[in-house]
Amino acid sequence: MLDFLKRVFNAEDKSSKGQANNRLRLVLTHDRLGTSGLVMDAMKEEIIQVIAKHMEIEGVPEVKIITEGRHAAMDISIPLKGR
Amino acid sequence: MGKKTAEGQVIVVTSGKGGVGKTTTVANVASSLARLGHKVVVMDLDIGLKKLDLILGLENRVIYDIIQVIEGECTLKQALVKDKRFPDLYMLPAAQTRNKDDITPDQVKQLCAQLKKEFDYIFIDCPAGIEQGFRNAIAAADRAIVVTNPEVSAVRDADRIIGMLESANFKDIKLVVNRIRNDMVKSGDMLSIDDLLEHLCIDLLGVVPEDQNVVVSTNRGEPIILNEHAQASTAFNNIAHRTLGEQVDFPTFDDITLWTRIKSLGRNMFSGR
């Protein structure tokens, strides 16, 4: 019950354990893929540029890694402007 | 008591990071299995930085080491140190004045092939790191136990080791979480078992609570499993049973914590605080 209340009132886990988990999620994903936060940011920019060259982007594009177990996939979501 | 199985199993205990409790795990799980009547040998492959003899309290009984066996200066049998407390436990010591490159994965395989005929379980104490020493230690292993602490740096290294074991086609990789503090997990200041399993994605073999008794036992050169009252002792015995394939529930150690709290509450009340 306490855990439930904590989750409701404190959606973003600010405990040191929560921070450790967030940092680990990121660093383990990068370690496993042999990449880094900087490389990911650069790649994200490049992907968006390629799309923008051919179509008009509307809104905020998202490029992120999603993981399931020890496997990972890239999730690209780019909202496009219709005519 | 004699050998129980036809073909011995080689189990490597590894972690990536140093100081998480590999040697303590090897010493206690091996002693526990030997006490249950299995023939067990522990092989120290931390050449140049040996600790297993000291943790087991066998440092004064070492005559030959693994490198002397490989170089033909003595036989394998001559180098094995018998543990007087557990008649079915033997140790093959590391060499202290040599290094990891003085032994090859093939030589480890040959030694293990010989030991498999005599023993039910061969535990390999792997050095920290991911270099030659690690490659030697995993070369002959059928199963792997990855030891980690609930701490970001140990988890990161454990993840790297698990990745390397998977690349080396290990099918049986299990996790031991050492030095967990339930009070800190509850207050949100330590990674929980669930957190560690979410990050590392392997099966859990054991959970060892932080226990001051381990320091005392290590000082004396006695395995912690000889201290029946220690929480870590129960944890290592449970790991031994699970290694045999038995189903043992994971105690939460909550009851003990709660009881300790009630006791300390009582003490505080009566002492007028």
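1. Contacts along chain A. Among the contacts in chain A with a separation of 6 or more, 31% join residues 24 or more positions apart, where a contact means heavy atoms within 4.5 Å. Chain A has three helices and two strands, and along the sequence they follow the pattern α-α-α-β-β. Helices here are DSSP runs of H or I with at least four residues, strands are runs of E with at least two, and both are numbered from the N terminus. Of its 83 residues, 18% count as buried; buried means under 20% relative accessible area, exposed means over 50%, and partly exposed lies in between, with a 1.4 Å probe and protein chains only.

2. A word on the model and its numbering. This is a predicted model, in which local features need pLDDT of at least 70 and side-chain atom pairs count only at pLDDT 80 or more, while totals for chains, interfaces and linings use all residues; side-chain values use heavy atoms, with hydrogens and water left out. Residues are numbered from 1 along each chain as its sequence is written, with chains lettered from A and ligands numbered from 1 in the order in which they are written.

3. Where chain A meets chain B through helices. Have a look at helix α2 (residues 16–33) of chain A and helix α7 (residues 152–167) of chain B: their axes come within 10 Å and cross at roughly 25°. Axes are lines fitted to C-alpha atoms, for helices over the stretch in contact, and angles run from 0 to 180 degrees between N-to-C directions. The angle makes α2(A) roughly parallel to α7(B); under 35 degrees counts as roughly parallel, over 145 as roughly antiparallel, 65 to 115 as roughly perpendicular and the rest as oblique. On the α2(A) side the contact includes A:Leu24, A:Val27 and A:Asp31, and on the α7(B) side it includes B:Val155 and B:Arg156. By class, the residues of this contact are six nonpolar, no polar and five charged. Nonpolar covers Ala, Val, Leu, Ile, Met, Phe, Trp, Tyr, Cys and Pro, charged covers Asp, Glu, Lys and Arg, and the others, Gly among them, are polar.

4. A helix pair within chain B. Helix α1 (residues 22–35) and helix α11 (residues 231–243) of chain B pack at about 65°, with axes 8 Å apart, which makes α1(B) roughly perpendicular to α11(B). Among the residues that meet are B:Asn28, B:Val29 and B:Leu33 in α1(B), and B:Phe236 and B:Ile239 in α11(B). This contact has five nonpolar, six polar and one charged residues.

5. B:Ile122 and B:Lys116. B:Ile122 sits in strand β5 (residues 121–125) of chain B and is buried, at 0% relative accessible area. Leaving out residues up to four places away in sequence, B:Ile122 touches B:Val10, B:Met43, B:Cys112 and B:Lys116, among others. B:Lys116 belongs to helix α5 (residues 105–118) of chain B and, at 16% relative accessibility, also counts as buried. Beyond its neighbours within four places, the contacts of B:Lys116 include B:Glu7, B:Ile122 and B:Asp142.

6. Cysteines, in case you are wondering. There are zero disulfides over all chains, a disulfide being a pair of cysteine sulfur atoms within 2.5 Å. For B:Cys126, the closest cysteine sulfur is that of B:Cys112, at 12 Å, which is too far for a bond. B:Cys126 is buried at 1% relative accessibility, whereas B:Cys201 is partly exposed at 29%.
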